[in-house]
Amino acid sequence: EKLPTSVSIGANYIGSFEVGSFESEKYYYTIGCDVPYIFDEGRSVPAVGIEVGRPPIGIFFGYRFNVEEGKISIGLNTTLKNFDFSYAYIPTTWLSAIHRISFGIKF
């Protein structure tokens with residue numbers, strides 16, 4: 001069986017804001033977009049998302065275009081030293097909802 005082949009390009013912007021007058025109440029936000037092109041299907045599936053948080057915890061929301069299922073994703077992530085843990089929930093209409101867990105190491 002042939003595996004799908006794609007290429008992707010994306011960009012994001014990272015900013016911060018403060019709530020209150022203390023430096024310890026500094027929050028961050030990330031706004032991003034991703035445009036993968038799937039060669040076998042001859043189509044692109046652009047996506048946009050936003051993440052807001054206060055280290056070490058953040059929440060995110062994403063939306064994918066040109067798909068029938070799994071358009072929206074919501075989730076949580078946390079960073080502990082060089083480790084990233086993420087959970088995403090992707091509701092669907094026709095199939096079971098998707099639960100995605102990710103683990104990453106920065107080096």
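What is the mean pLDDT of the protein, and what percentage of its residues reach 70 or more? The mean pLDDT is 92, and 96% of the residues reach 70 or more; pLDDT is the predictor's confidence in each residue, from 0 to 100. This is a predicted model, in which local features need pLDDT of at least 70 and side-chain atom pairs count only at pLDDT 80 or more, while totals for chains, interfaces and linings use all residues. Residues are numbered from 1 along each chain as its sequence is written, and side-chain values use heavy atoms, with hydrogens and water left out.

**Strands and their pairing**

- Helices (H or I, at least four residues) and strands (E, at least two) are DSSP runs, numbered from the N terminus.
- Among the elements of the protein, strand 5 has the highest mean pLDDT, 97, and strand 3 has the lowest, 94.
- Two strands pair if DSSP finds at least two bridges between them.
- Strand 2 (residues 26-38) pairs with strand 1 in the antiparallel sense over 13 bridges, and Ala-11 stands opposite Cys-33 of strand 2.
- Strand 2 also pairs with strand 4 in the antiparallel sense, over 7 bridges; here Tyr-29 stands opposite Val-52 of strand 4.
- With strand 3 (residues 43-44), strand 2 forms an antiparallel pair over 2 bridges, where Ile-38 has Arg-43 in strand 3 as its bridge partner.
- The hairpin of strand 2 and strand 3 has 4 residues between the strands, and Gly-42 takes a positive phi near 65 degrees there.

- Thr-30 is found in strand 2.
- Thr-30 counts as buried because its relative accessibility is 17%; buried means under 20% relative accessible area, exposed over 50%, and partly exposed in between (1.4 Å probe, protein chains only).
- Leaving out residues up to four places away in sequence, Thr-30 touches Asn-12, Tyr-13, Ile-14, Gly-49, Ile-50 and Glu-51; contact means heavy atoms within 4.5 Å.

**Salt bridges**

- The structure holds 2 salt bridges, a salt bridge being a side-chain nitrogen of Lys or Arg within 4 Å of a carboxyl oxygen of Asp or Glu.
- Asp-40 counts as partly exposed because its relative accessibility is 42%, whereas Lys-2, at 64%, counts as exposed.
- Glu-41 and Arg-43 also meet through their side chains in a salt bridge (2.5 Å, N to O).
- Glu-41 is partly exposed, at 48% relative accessible area, and Arg-43 is partly exposed, at 31%.

**The nonpolar surface patch**

- A nonpolar surface patch of about 930 Å² includes Tyr-13, Phe-17, Ile-50, Val-52, Phe-61 and Ile-74 among its residues.
- Patches are made of residues with over 30% relative accessible area and no salt bridge; like charges are joined within 9 Å, and nonpolar side chains (Val, Leu, Ile, Met, Phe, Trp, Tyr) within 5 Å.
- Accessible areas come from the Shrake-Rupley method with a 1.4 Å probe, and for residues only the protein chains shown count as cover.
- Strand 1 (6-18), strand 4 (47-54), strand 5 (57-64) and strand 6 (72-80) each supply at least two residues of the patch.
- Strand 6 gives the largest share, 3 residues.
- Ile-74 is found in strand 6, and Ile-74 counts as partly exposed because its relative accessibility is 39%.
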